[in-house]
Amino acid sequence: MASDSGSENSRASSSAKAAAGDALTVEQAIAYLKGSDLSLRVYAAWWLGRFRINDDHAVAALIDALADEDDRTVAGGYPLRRNAARALGKLGDQKAVSALVDSLGCSDFYVREAAAQALEMLGNQKSVPRLIQLLKNEVPGTQPSPEQPIMIQPYDALIEALGTLGAVEAKALIASFLDHPVERVQYAAARSLYQIASDTQEAQQYGDRLIQALSHQKLQLRRAALADLAAIGYLPAAKAIAETLAENSLKLIALKGLLEKELQQSDTNQLSHESIQVMQLMDTLL
Amino acid sequence: MQNQPVSSLIQAVEQASSPLDLLKAVRALAAARHPEAIPTLLEVLGFNNPGAAVAAVEGLTVLGAEAVPPLLKQLDDHNYGARAWAIRALANIGDPRSLAVLLDAATADFALSVRRAAARGLGNLDWSQMAEAEVPAAQAQAVTALLQVTHDAEWIVRYAAVVGLQSLAQRLHPAEKEAQRQRIQQRLAQLVEADPVASIQARSQLALSELGMQ
């Protein structure tokens, strides 16, 4: 999923960075974003998100960039729109919500993916109906992923957004993805169902499913499960995380997710027994 | 397997034809715990095979002091990947002869996994192996470096610095103990209050409590 976007970022940052210099000012970035040099526009959009430039003019220019028609890839993608959507997620300004909801109808798979991720970060319930519609493939004109045609929609991003937004009404729909042929999508469904479960027991069954995924043969999928467990902060996974075969750096990030969820939930200043256990596991991975 | 001579275990590593074969051969060689295995284990650190490198680091770790001079020498080489693994092995072994190298790696290496391992290693040194007269000054230096590392931009490096400070505080020489403990306590208390990452606040709080500083 990152391959296309990854090359696009490095393209933007190698050619445009040389022109722009490493350090931009906010005014420059906004000017580049509105300018005519396409690679500078893509770079400026990335830059505004990277440095979280929460400025009214920047937000407005990025929202305009979501409708860009100038920058197209050979396959018909919209690089500038993708970067603009990603940046808007990071800036956290609710003014971007309706334009991002519109972007869920874009023909470019990666624009829809970036928009869903941004809407998840913005945490605004207003996007739920459109996310559900897209998950059901009911938005005309949306093209599948160029690399993986089985992914007609960015299912994992849509499902994760619905989970974070607490879209209980989508429960049955999300559950239908637990058997999706792409494992990453199954994990997204488990993660999301964990978040919208009605009780702890129900949640646990989905958390445990992600623990099982930590013993998947493919490293890439173990990594995906680590990220999902970190996102939900599923405490019973701590030991399995420490023991799975993956880079220590990723395990440490996952355990940090668990620890911080636990810290949030305990109201006292006293460290809980569980927090201390997670930290002891982290210590062994340094 | 157990009684195979080291030379044939070494040969198996050299002749391994697939990554999996290599991993198995390195594990067997590491398990032999034989000093003659050291040059081969060092070589494996440079193979760009993470599984095999982990096994080699473990093998060097159990060999301990004997592996330290060749590991320090290895750092002169220009293979960056091997350097990172060698730092990890030195951090595990905790021989104070690696102090200078760990100080440098913790504060100045560009790879965060190296800074992280070196910070942990500074807390893991076995000071009884150093001439006693040199210990107070060396420890003061290690504390200074780790305090600096608690300002690292990467949360995990700061985390490792807190872990390093905690375990260093438990090994301080009586001559400097109070002075160094005070510096450590002060910084940990600051981190509890002001580090932007909740995990660092919590780990600093745990360190203070385990050091009886609360």
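Before you select anything, note that chains are lettered from A and ligands numbered from 1 in the order in which they are written, while residues are numbered from 1 along each chain as its sequence is written. Because the model is predicted, local features need pLDDT of at least 70 and side-chain atom pairs count only at pLDDT 80 or more, whereas totals for chains, interfaces and linings use all residues; side-chain values use heavy atoms, with hydrogens and water left out.

**Stop one: chain A**

Now switch to a surface view of chain A, whose accessible surface (Shrake-Rupley method, 1.4 Å probe) comes to about 12,900 Å², with 50% of it belonging to carbon and sulfur atoms. Of the 286 residues in this chain, 52% are buried, meaning that they have under 20% relative accessible area, with a 1.4 Å probe and protein chains only.

Next, colour chain A by pLDDT, the predictor's confidence in each residue, from 0 to 100: the average is 91, and 92% of the residues score at least 70. Then select residues 1-14 of chain A, where the pLDDT is below 50, although this stretch has 22 contacts in the model beyond near neighbours in sequence; a contact means heavy atoms within 4.5 Å. Where pLDDT is low, the predicted coordinates should not be read in detail.

**Stop two: chain B**

Select chain B, which has 12 helices and 0 strands, and view its C-alpha trace along the principal axes, where it spans about 55 × 40 × 30 Å.

With the surface turned on, chain B exposes about 9,800 Å², of which carbon and sulfur atoms supply 51%, and 54% of its 214 residues count as buried. If you display the contacts in chain B with a separation of 6 or more, residues 24 or more positions apart account for 64% of them.

Finally, highlight the charged side chains of chain B, counting Lys and Arg as positive and Asp and Glu as negative, without His and the chain ends. There are 17 positive and 21 negative charges, and their mean positions are 5 Å apart, with each charge placed at NZ of Lys, CZ of Arg, CG of Asp or CD of Glu.

How values were computed. Buried < 20%, exposed > 50% of the residue type's maximum accessible area, 1.4 Å probe, protein only. Helix = DSSP H or I, 4+ residues; strand = E, 2+ residues; numbered from the N terminus.
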